[in-house]
Amino acid sequence: MSISVSNLTKTYGEQIVLNNISLEIGAGEVVGFLGPNGAGKTTTMKILAGALSYKNGSVKICGMEVIDNQIKTSSLVGYLPEQNPLYAQMYVKEYLLFIAETYKLGKEKENRVNELIDLVGLRPEFTKKIGQLSKGFRQRVGLAQALIPNPKVLILDEPTTGLDPNQLEEIRSLIREIGKDKTVLLSTHIMQEIKAICNRVIVINKGEIVADYADIYKIKLFDENSFHFEVEFTKSVLAEELEKLDNIDNVKSINNKKFSIIASNDVRGDIFDFAVKSNNKILTIKEIERSMEEVFRSLTK
């Protein structure tokens, strides 16, 4: 298991930031870590990266307890924090060579840096100072520095914040490519990010794991507490007639033949019976999915 967290609790004074959380992430998974501001995402990621201590619980990277093996686990984890800490006055290649030196790569550092410059698409900009780069290219530099030790686990905290649409797609494509042979944990507020990059979603709220979708395509997009249908008839219907049916809570007219219906039960059979009795026909009837944003709000409200 690349990442294993068991019964982890983190407090600041009397404030509980992480409340007995547990999660496991296997090799090769690209996992979205989702939650509102203050939910505990960044704290969890800093602990995984060895940048923040912990006392209660267990945190393992590739089977090693982080608190007891910080030097070994730091070489297994590449970490890009939300505020990308780059030296603006250093040249791109100079900075990456400096980072490579901290990992004691020796004679291999030149080859490794050149390899990463090409991998993350920095070749056109590598002779510039970091302060001269656009936000998108600075994020590429951050990704390159996180990848220098060739880590097995890559932790990315809000990696696309503030990027324009073109930069956004470029960084997403880069993360997808990197994720083919590494375990990636990616925090974000952006639902499109989850759908574009991840194959699993973990949701955290108020310091607790509230959902873990092992397959992003199996997220419960249908509301478990009510049914939402859209129905279209061949002839005009009065909304008041539909409202009289049992178990229908709300009817909204889209036009005089098409309606949005919210019900406490599956009322499709009742709607068909209504159409037959009214000498009408149904053109379409379908259950409406919730958006990912609605799912997120329901989990974190």
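1. Let me start with the lining of the largest pocket: by class it has eight nonpolar, six polar and no charged residues (Ala, Val, Leu, Ile, Met, Phe, Trp, Tyr, Cys and Pro count as nonpolar, Asp, Glu, Lys and Arg as charged, the others, Gly among them, as polar). A pocket here is an open set of points on a 1 Å grid over the protein atoms alone, where a 1.4 Å probe fits, with protein on both sides within 12 Å along at least five of seven lines; lining residues have an atom within 4 Å of a point.

2. Keep in mind that this is a predicted model, with local features needing pLDDT of at least 70, side-chain atom pairs counting only at pLDDT 80 or more, and totals for chains, interfaces and linings using all residues. Numbering runs from 1 along each chain as its sequence is written, and side-chain values use heavy atoms, leaving out hydrogens and water.

3. Who sits around the pocket's centre? Of its 14 lining residues, Ala49, Ser74, Val77, Tyr79 and Tyr103 come closest. At least two lining residues each come from α2 (70–74), β6 (77–80) and α5 (135–147) (DSSP runs numbered from the N terminus: helices are H or I, at least four residues, strands E, at least two).

4. On to the open four-stranded sheet: its order is β12-β13-β11-β14, with antiparallel pairing (strands pair if DSSP finds at least two bridges between them). β12 (248–253) and β14 (282–287) are the edge strands with a single partner each, so one side of each lacks a neighbour in the sheet.

5. Inside that sheet, β11 (227–233) and β13 (258–263) pair antiparallel over six bridges. Glu232 stands opposite Lys258 in β13.
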